[in-house]
Amino acid sequence: METVREYLSEKASVLKYVALGGLISSLIAFVLRIILLGAIYMILKNFDCLGVRVYGEALLATTLIMIGGTYIPGGFIGGLYVGYKVKDEKLRILLLFSALLGCTVLLALMFFFLGYRVTYYLEMERELRISVFLPLLGVLVGTYLGGYSVNWGKEEEKISEGKLVLEEAPISLALTDIRGVGSRRAKRLRAAGIETVEDLVKASPRVLSAKTGIPEKTIQRIIEHAKRMIEKESLRSMS
Amino acid sequence: MKRLEPVKRLPVLVFLTLVISLGIAGYALFQFAIMKHSRGEYFYLVTKELEFEFPKNWSVFTQEFSNESGEVYYIAVYPPATHKRWVSILFVVYDERFTEFYMGRYGLTNTSQALLFEAERTYNDIKRRNEHVTMNLTERGTLNISGVEATYLLITFRDGYMDNDGDLHNLTVMFLSWTQGTSQGEKTYYLIFYGVEEEWSQLRIQRIFEHLLNTLKMSGSRDGDG
């Protein structure tokens with residue numbers, strides 16, 4: 001019962017982060033869109049070139065600026081949030097959901113709250129059948145870039161751990177010997193009162209997760225590795 | 001503080017590259033459009049129905065409606081919004097089917113009748129908002145537009161325009177209309193030049209209107225095209 005509850009609460013918190021990431025993406029893109037359209041209008045007005053907006057090239061230019069200046073940055077910031085909060089193996093899929101939600105909310109905001117003046121370009125985008133595709137593409141690209149900005153190089157971290165372990169060896173050899181525990185995690189574990197592999201095996205993953213901030217699932221995996229290490233160690237000593 | 005390895009910065013670099021390159025591409029496209037369509041102080045616009053030059057800082061909006069009666073094409077040309085100083089130029093083009101439908105429905109036989117009908121329709125529209133409005137026909141005559149004779153009416157609607165503060169202004173409207181024969185019948189063209197009297201009578205506005213009329217061509221008619 002306790003395990004089911006823990007599992008559900010873990011999933012709920014992940015979903016909450018994904019939804020929040022999507023909302024952050026949409027709100028930032030929405031605000032940036034208003035600012036950018038206003039800025040484009042003011043710049044063209046100041047340079048006495050407002051009339052250029054009627055041409056196809058200007059529509060394309062506005063669309064490119066919208067992708068680069070609103071959809072991608074909005075998605076990027078939302079993605080950063082999701083990537084920072086969720087250290088899940090399924091980050092790739094979670095980011096996709098976050099981007100889809102962000103794009104849906106953004107389109108809804110643009111249609112229902114801005115009215116004709118700001119959606120003027122959207123009307124023209126609709127003629128080109130790009131009103132949904134381009135915001136979606138922009139938010140998607142931005143979300144993945146943001147998500148992986150925080151998590152990029154996780155694989156490299158494992159490789160570099162060897163080097164870090166040697167640096168930390170005199171004080172925490174036992175903990176950093178465990179697969180998945182680098183110097184930073186070892187420090188966090190020690191701060192939570194875990195000094196040895198034995199301490200780690202005895203600890204509750206839930207409590208330890210709350211104390212260290214390391215996701216519970218990751219701690220469970222680390223404990224499994226630690227148990228296997230103890231078994232191997234005891235077999236070696238017996239032989 | 002541990003320094004990020006270059007590989008960890010890759011998504012950030014991709015993000016920055018995308019944002020900067022899209023911004024530069026957008027700016028370059030705007031510059032290209034401005035250079036391509038500029039003709040001195042004016043932009044040259046070619047639409048489905050008409051070609052003309054308009055001031056660079058004015059806006060243009062085009063829209064097309066079609067139903068079983070035919071097609072109607074609108075082009076609105078207007079300067080940046082200014083308080084109490086409203087002026088606007090509107091082109092309306094009825095295709096062959098809609099011209100037939102329109103003339104038949106309202107019992108009109110030529111452009112002069114059509115102009116009077118449109119003037120009366122505008123008067124009734126204004127009267128719904130201000131019942132004290134009066135209509136004065138100032139001038140009527142013909143003009144040559146791109147080799148075609150157009151009939152015009154110059155009308156003043158006294159107290160015909162109410163600004164945002166609720167103040168009333170006289171509204172001057174010049175209605176121009178002409179038809180052009182095609183293989184499928186006749187197309188009807190309207191050019192309506194609206195404006196608050198104080199603004200409409202300004203020399204610079206009159207010059208803009210004259211320039212627009214002088215450069216106006218029906219799309220497809222290439223005579224005299226530079």
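In which hand of crossing does α2(A) pass α3(A)?

Guide: The model is predicted, and what follows describes that prediction. In it, α2(A) passes α3(A) in a right-handed crossing.

Two packed helices are described by the angle between their axes and the distance between the axes. For α2(A) and α3(A) the angle is about 140° and the axes are 10 Å apart. That value makes α2(A) oblique to α3(A). On the α2(A) side, the residues that meet α3(A) are A:Gly74, A:Gly75, A:Gly78, A:Gly79, A:Val82 and A:Gly83. They face A:Leu91, A:Leu94, A:Leu95, A:Ser98, A:Ala99 and A:Gly102 in α3(A). Sorted by class, this contact of α2(A) with α3(A) holds five nonpolar and seven polar residues, with no charged ones.

Helix α3(A), residues 91–113, also packs with α5(A), again at an angle of about 140°, with the axes 9 Å apart. The helices α3(A) and α5(A) are therefore oblique to each other, and their crossing is right-handed. From α3(A), the contact is made by A:Leu91, A:Leu95, A:Ser98, A:Ala99, A:Gly102, A:Cys103, A:Leu106 and A:Leu107. From α5(A) come A:Pro135, A:Leu136, A:Val139, A:Leu140, A:Thr143, A:Tyr144, A:Gly147 and A:Asn151. The classes here are 11 nonpolar, five polar and no charged residues. A:Leu91, A:Leu95, A:Ser98, A:Ala99 and A:Gly102 of α3(A) are named in the contact with α2(A) and also in the contact with α5(A).

The C-alpha trace of chain B spans about 85 × 50 × 35 Å along its principal axes.

Chain B contains an open sheet of seven strands in the order β4-β5-β6-β10-β9-β8-β7, with antiparallel pairing. Strands β4(B), residues 59–67, and β7(B), residues 134–145, stand at the edges with a single partner strand each, so one side of each has no neighbour in the sheet. From one strand to the next the twist averages 15°. The antiparallel pairing of β7(B) with β8(B), residues 148–162, runs over 11 bridges. B:Met135 has B:Phe157 in β8(B) as its bridge partner.

Two helices of chain B pack on this sheet. Helix α3(B), residues 111–129, touches β7, β8, β9 and β10 of chain B, and its direction makes about 15° with that of β8(B). Helix α5(B), residues 203–215, touches β6, β7 and β10 of chain B, and its direction makes about 20° with that of β6(B).

Key
Residues numbered from 1 in each chain as written. Chains lettered and ligands numbered in written order. Predicted model: local features only at pLDDT ≥ 70, side-chain atom pairs only at ≥ 80, totals over all residues. Axes fitted to C-alpha atoms, helices over the stretch in contact; angles between N-to-C directions. Helix = DSSP H or I, 4+ residues; strand = E, 2+ residues; numbered from the N terminus. Parallel < 35°, antiparallel > 145°, perpendicular 65-115°, else oblique. Left-handed = near helix turned anticlockwise from the far one by under 90°. Contact = placed C-beta atoms within 7 Å. Nonpolar A, V, L, I, M, F, W, Y, C, P; charged D, E, K, R; others polar. Pairing = 2+ DSSP bridges.
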